[in-house]
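Let me put the model up on the screen and then walk you through chain by chain detail.

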Amino acid sequence: MKTLLKNREMLLVAAIVALVVLIATRFPGFVRPQNLANVYNDTSILIILALGQMAVILTRCIDLSMAASLALCGMVAAMLNAAVPGLPIPLVILVAMALGAVLGSVNGLLVWKLDIPPIVVTLGTLTIYRGLIFLISGGAWINAHQMSDAFKALPRGAVLGFPLLSWLSLVMIALMFVVMSRTPLGRAFFAVGGNPHAAVYTGIDVGRTRFFAYCLSGTLAGLSGYLWVSRYAVAYVDIAAGFELDIIAACVIGGVSIAGGIGSVAGTVLGALFLGVIKNALPVINISPFAQMAISGTVIIIAVAVNARAEKRKGRVILRKAEAH
Amino acid sequence: MLQDTTTSRMKPAVALEGISKSFPGVRALSEVSLSLYPGSVTALVGENGAGKSTLVKILTGIYQPDEGTIRVDGAETRFPTANSAAKAGVTAIHQETVLFDELSVAENIFLGHAPRTRLGLIDWAKMNADARALLARVGADLDPSIRLRDLGIASKHLVAIARALSIDARVVIMDEPTAALSHKEIHELYELVDRLKADGKAILFISHKFDEIFRIADRYTVFRDGRMVGEGLISGTTQDDLVRMMVGRDVGQVFPKQEVAIGEPVLTVSGYRHPTEFEDIGFELRRGEILGFYGLVGAGRSEFMQSLIGITKPSAGAVKLDGAVKIIRSPAEAIAAGIVYVPEERGRQGAIIGLPIFQNVTLPSLSRTSRAGFLRLAEEFALARDYTSRLDLRAASLDQDVGTLSGGNQQKVVIAKWLATRPKVIILDEPTKGIDIGSKAAVHAFMSELAAAGLSVIMVSSEIPEIMGMSDRVIVMREGRIAGRFERAELSAEKLVRAAAGIEEAA
């Protein structure tokens, strides 16, 4: 399994490299280091969100409300900044993350305590969270001039030549890597998704584990909410509308099994990068936005087909001599 | 007895002759015969594993016999598919009736052969009218248009029987139909069986309950270890005779039970009860002891065990472990207290496919292998290596996915997982169900070693040889209560069967 997974990740790396090379033949400027760094920076928010989604999908759930949570937290952060411009930005970020955690925990509680199917819960909260943005903002936009300079500057601030946004996503990747591979909670995500019935007998509370996965995805959505709004310097009801599908697509392309229990931080990051390269490269080589969507969709289906085949190939080992590897 | 003479003169509706069926490693049926007569109820009696289910599957075309013939009205025939058996008029009503909850009663009755209008559309008016007529024949006052999910189990049985009538079934197989029914519903079912009998159906009635066999059956056939060991008229036999035929085996199987000095009490359970599943469960378990829990399927043994480890909540009851009162509210607390439960369905509830071997082993022991909330992989590896090597696990690396192992090795991983928690009490639920004889012996030997090493073992089993061969003491449960306690010295198969089936001691 490990080698298979590694293979799958290597496959993805190869696909990304091939894609980049292909684009470079049409548009050499794409592979300039500065441009590649920009592509990464552009994908940073997707990476952060996909890591949260990964945790949820690993537990056999799904979070359709991530983009809506992002928009709601982003709106609250922007309104807070507009109302109290002097408030330190780290505090604004903390508020956004805390609100995201609360929104996530609502999903988690509904799934855990009321046993409602995750897809239904998050489809409902998606609509509710979008509605809340309208309620608190009255449908009005918060524009760049209403935000303080510090609010807008933070993701752009350069450290060692790279924007803080990129650094932040790297920190999140590192944190998630530690959580997934070195904490009992990370292990529980895999166990609950891999075999929920068996997990119960080993003393893992399946519902509570799912609850924490939703809290995690909510918190990351909250963080992303601030990052999104400050980066694009605008907040309104419909920001990131439909982005939940990109998030799930990044996970699926990255080898996270929609049936739960299988996936990795590295794969998810690569899946998000793959989508990021496509989205950044196709416009520069003059492919129409509609063709872009078709291409993204095709890639997702190919990725799922590859993953499904890889999982099926395992089969059952009956021959004694086949057991050794 | 008028009927008996008529059945003996009548031709069987369906007759099986010299049927044998083998599965890899097991001979499930060997040259068995069975005749089912129109207007007569034949009870099929036998312990778990005697071959009753295999026979039913052959009768309904799900399995093909290796040898032997099936005759319908005297003519030799074959049931290559379930459909061909249904066409010949053989229909089975299972313990968990196979119907569709979301469809209406009428749709369930006529699924696949609904009356059509001239345009080829389903004729709803005729279907509902026909359904009502069929339901009236089985004495069910049900509205054909209501959804099946709104019915109780007994009513669902009636719908299943109405379906059987709708395809003009001549042979009706009832596989433990009363297992999930209440007293009142059971009596309604008896009346229905009488009515089917009067209708001229041949009925095969599979049951563990002797009172109902003697209430409704005309004939009996006893299976033991895949052989037919007796048949005849119910009026010409007694409960004692049937029990003797069921269990009267030669004690050929030798169990690898070690003599272990039984120590002080480890676990004391008293007054355990649950609103619907069991009551008044109390016992003592001593160090080095193997305590067998015997009973019919559905007697509440697994339900009690799950309550003991905190998966379900008992409404009352106390547990003392090593002399200290313990409250166990979750499996995690049970594991911490030293009680582990190896569940029956190891596929569904055992190994976690997708996790590597070592992570499977350490899953319930993570609090021991982690420091300050972080896992320590080196310690996990050490723990996993320790316990998997004790069990002689064959794997290239502990880092490989447990899903790449064979079933037997997966089972070793699951056992290593539980032993690694260093339990005081290990509960094994049907530890040898569905595995071949060689693996059974290995599991039994291992169980003995555990007891010899000072563990206390609770073994839930429905197999009498296993219970008798391995247990130091046996508790028999029936309908959620303790129906008997036996020391090893006084064990006999007849006593166990009597206690489990609720038969009074012979005078």
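Look at B:Gly292: its bridge partner in β20(B) is B:Met459. That pair belongs to β13 (residues 290–295) and β20 (residues 456–460) of chain B, two strands that run parallel and share four bridges. Quick note on terms: strands are DSSP runs of E with at least two residues, helices are runs of H or I with at least four, both numbered from the N terminus, and two strands pair if DSSP finds at least two bridges between them.

Before I go on, this is a predicted model, where local features need pLDDT of at least 70 and side-chain atom pairs count only at pLDDT 80 or more, while totals for chains, interfaces and linings use all residues. Residues are numbered from 1 along each chain as its sequence is written, with chains lettered from A and ligands numbered from 1 in the order in which they are written.

Okay, zooming out. Those two strands sit in an open, mixed sheet of six in chain B, ordered β16-β19-β20-β13-β21-β22. At the edges you've got β16 (339–342) and β22 (481–487) of chain B, each with a single partner strand, so one side of each has no neighbour in the sheet. What lies across β13, β21 (473–478) and β22 of chain B? That's helix α19 (residues 493–501) of chain B, at about 30° to β21(B). Angles here run from 0 to 180 degrees between N-to-C directions, using lines fitted to C-alpha atoms, for helices over the stretch in contact. Contact means C-beta atoms, placed from the backbone, within 7 Å.

Now the other sheet. Chain B has an open one of six strands, again with mixed pairing, in the order β6-β7-β8-β3-β9-β10. Here β6 (90–93) and β10 (227–233) of chain B are the edge strands with one partner each, so each has a side left without a neighbour in the sheet. β6(B) runs parallel to β7 (residues 171–175) of chain B, joined by four bridges, and B:Val90 has B:Val171 as its bridge partner in β7(B). Helix α6 (residues 153–166) of chain B lies across β6 and β7 of chain B, at about 175° to β6(B).

Last stop, the other chain. In chain B, 34 residues are in contact with 26 residues of chain A. On that side of chain B, α11(B) gives the most, with three residues.

Key:
Contact = placed C-beta atoms within 7 Å.
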